[in-house]
Amino acid sequence: MGEKVVLITGASRGIGAAAARRFAAGGCKVAVNYLHSREQAEALAKEIGGWAVRADVTDPVQVQNMVDELLDKFCQLDILICNAGVAQQKLFGDLTDEDWRRVFAVNVDGAFYAIRAALPHFIHRKAGKILTVSSMWGQVGASCEVGYSAAKAAVIGLTRALAKELGPSGITVNCVAPGVIATDMNRGLAPETLTALAEETPLGRIGTPEEVAQALWYLASDDAAFITGQVLAPNGGLVI
Ligand code: NAP
């Protein structure tokens, strides 16, 4: 892919970290955004020759400063991956205002702020790849994850609408909607729940962060130049 500059939000752990490694292995300069996991982000940045940058994606000022600093440092941004996310399992009736706001703030507002901050640069260059990270629950809904499902469905809506708006500017916008992936996000699930989900999956197992990173890599590559507004689902066939 050449010397492209990639900003990945929530890249200190899990899928974001796997994507950071994948894009670095492909010759990209990677900005590793993090919020709490500073040590992990800095170690990862060191490992891949990237740049660790702290910003809370729920704060538009911090996100704007991160993008401005990145552009000062690297003079370009080619690919933005809006990956930072939080999930929550609760009965709908138990959700507080704060629960609801938090899930939307990270998953939806976070993508909005990051894209808005990067967009003038992309439009100026008439180029850019925007990738969002939804979830299969954003496609089909999950019991006890209504807030998360709604937020991830919003991410898909944002992707499709924005692809239409930005196509004429030479910018593509695509989404990955992973199935169950082995990261900290699923650490809270009981082992029997994970086993049941693996058994329900046609490919018979849960996925790896590296497999999601491959889907992101493909959508960011020139091989996907004519693809926009699409949702690619590395989910082992759990949702078809
Ligand atoms: P994870 O292991 O829990 O990692 C979440 C990442 O998001 C961390 O790097 C965390 O950074 C970052 N983050 C959270 N809040 C943030 C904020 N306010 N500002 C900046 N960064 C923030 O999760 P994951 O499984 O890799 O999930 C990555 C994405 O994939 C999420 O959007 C998730 O919804 C989606 N997804 C995951 C699965 C799955 O099964 N794992 C399935 C479908 C979709 P710090 O640790 O530095 O705070």
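## Helix 1 against helix 2

Helix 1 passes helix 2 in a right-handed crossing. Keep in mind that this is a predicted model. Helix 1 covers residues 14-25 and helix 2 covers residues 38-48, and the two pack at an angle of about 15 degrees with their axes 10 Å apart. With angles under 35 degrees counted as roughly parallel, helix 1 and helix 2 are therefore roughly parallel to each other.

As for who touches whom, helix 1 brings Ala-17, Ala-20, Arg-21 and Ala-24, while helix 2 answers with Leu-44, Glu-47 and Ile-48. Sort the residues of this contact between helix 1 and helix 2 by type and you get 5 nonpolar, 2 charged and no polar.

## Helix 3 against helix 4

Next up is helix 3, residues 60-74, whose axis comes within 9 Å of the axis of helix 4, crossing at roughly 35 degrees. Here too the crossing is right-handed, with helix 3 passing helix 4.

On the helix 3 side, the contact uses Pro-60, Val-63, Gln-64, Val-67 and Leu-71. Their partners in helix 4 are Tyr-113, Ala-114, Arg-116, Ala-117, Ala-118 and His-121. The breakdown for helix 3 with helix 4 is 8 nonpolar, 2 polar and 1 charged.

## Helix 4 against helix 6

Helix 4 (residues 97-125) also packs on helix 6 (residues 146-166), at an angle of about 20 degrees and with the axes 8 Å apart. That angle is why helix 4 counts as roughly parallel to helix 6. Helix 4 passes helix 6 in another right-handed crossing.

Helix 4 puts Trp-100, Val-103, Phe-104, Asn-107, Val-108, Ile-115 and Leu-119 into the contact. From helix 6 come residues including Val-146, Gly-147, Tyr-148, Ala-150, Ala-151, Lys-152 and Ala-154. Further along helix 6, Val-155, Leu-158, Leu-162 and Leu-166 take part as well. By type, the contact of helix 4 with helix 6 splits into 15 nonpolar, 2 polar and 1 charged.

## Around the ligand

Now for the ligand: there are 33 residues around it, and Ser-37, Asn-83, Tyr-148, Thr-183 and Asn-186 come nearest.

Some polar distances may be handy if you're setting up a pose check. Asn-83 uses its backbone, with an N or O atom 2.7 Å from an oxygen atom of the ligand. Ser-12 works through its side chain instead, where an N or O atom sits 2.8 Å from a ligand oxygen. Arg-13 has a polar side-chain atom lying 2.8 Å from an oxygen atom of the ligand.

Definitions and conventions. Residues are numbered from 1 along each chain as its sequence is written. This is a predicted model: local features need pLDDT of at least 70, side-chain atom pairs count only at pLDDT 80 or more; totals for chains, interfaces and linings use all residues. Side-chain values use heavy atoms; hydrogens and water are left out. Axes are lines fitted to C-alpha atoms, for helices over the stretch in contact, and angles run from 0 to 180 degrees between N-to-C directions. Helices (H or I, at least four residues) and strands (E, at least two) are DSSP runs, numbered from the N terminus. Angles under 35 degrees count as roughly parallel, over 145 as roughly antiparallel, 65 to 115 as roughly perpendicular and the rest as oblique. A crossing is left-handed if the near helix is turned anticlockwise from the far one by less than a right angle, and right-handed if clockwise. Contact means heavy atoms within 4.5 Å. Ala, Val, Leu, Ile, Met, Phe, Trp, Tyr, Cys and Pro count as nonpolar, Asp, Glu, Lys and Arg as charged, and the others, Gly among them, as polar. A residue is near a molecule or strand if one of its heavy atoms lies within 4 Å of it. A polar contact is a pair of N or O atoms within 3.5 Å; within protein, one must be able to donate a hydrogen and the other to accept it, and residues adjacent in sequence count only if both atoms are side-chain atoms.
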